[in-house]
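Please look over the structure shown here before reading my comments.

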Amino acid sequence: MAVAGLNPHCGEHGLFGWEEVNEITPAVEELQAEGYPVVGPIGADSVFHQAAIGRYNSVLSLYHDQGHIATKTLDFERTISITNGMPILRTSVDHGTAFDIAGKGIVSEVSMAEAILLAAKYAPFFVTA
């Protein structure tokens, strides 16, 4: 798994932000020490392309649009969202409410079906506190 950088160019060693230096890199190093195959932070402007060509099997994006832009570009209808850290399992379509096309008979059900399938896949493993 690759962890995308939060700031442009991963903060350029503090020039564009300190989150990579102070938070992200130490977290990645801690996971590596525990044996997890994780790398990063990797610049968000290239990490998704690198994953698409097989360098990484997954990418952890650090905010909503960072990941959505990349995944929607690859497959808009099958891009769905899962929210971690909640007391319930939550999956969702990634295109929002689609008010602009609601009620016009032109909406595709693909994204909703994908969100439901993902929920069904993860439901057996979801543990509530």
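1. Basis of the note. This is a predicted model, in which local features need pLDDT of at least 70 and side-chain atom pairs count only at pLDDT 80 or more, while totals for chains, interfaces and linings use all residues. Residues are numbered from 1 along each chain as its sequence is written, and side-chain values use heavy atoms, with hydrogens and water left out.

2. Helices (H or I, at least four residues) and strands (E, at least two) are DSSP runs, numbered from the N terminus.

3. Surroundings of Ala 4. Contact here means heavy atoms within 4.5 Å. Once residues up to four places away in sequence are set aside, Ala 4 touches a list of residues that includes Ile 42, Val 47, Val 59, Leu 60 and Gln 66.

4. Helix α3. This helix has 12 residues and reaches 16 Å from its first C-alpha to its last, close to the 16 Å expected at 1.5 Å a residue, where the expected span is 1.5 Å times one less than the number of residues. Its buried residues (buried means under 20% relative accessible area, exposed over 50%, partly exposed in between, with a 1.4 Å probe and protein chains only) are Gln 66, Gly 67, His 68 and Ala 70, and what covers them includes β1, α2 and β4 (80-83).

5. His 68. Placed in helix α3 (residues 64-75), His 68 is counted as buried because its relative accessible area is 12%. Apart from neighbours within four places in sequence, His 68 is in contact with Ser 81 and Asp 94.

6. Tyr 63. Found in the loop between β3 (59-60) and α3, Tyr 63 counts as partly exposed because its relative accessibility is 43%.

7. Thr 79. This residue lies in the loop between α3 and β4 and counts as buried, because its relative accessibility is 7%. Not counting residues up to four places away in sequence, Thr 79 touches Thr 71, Lys 72, Asp 94 and Ser 111. The C-alpha atoms of Thr 79 and His 95, 16 residues apart along the chain, are separated by 8.3 Å.
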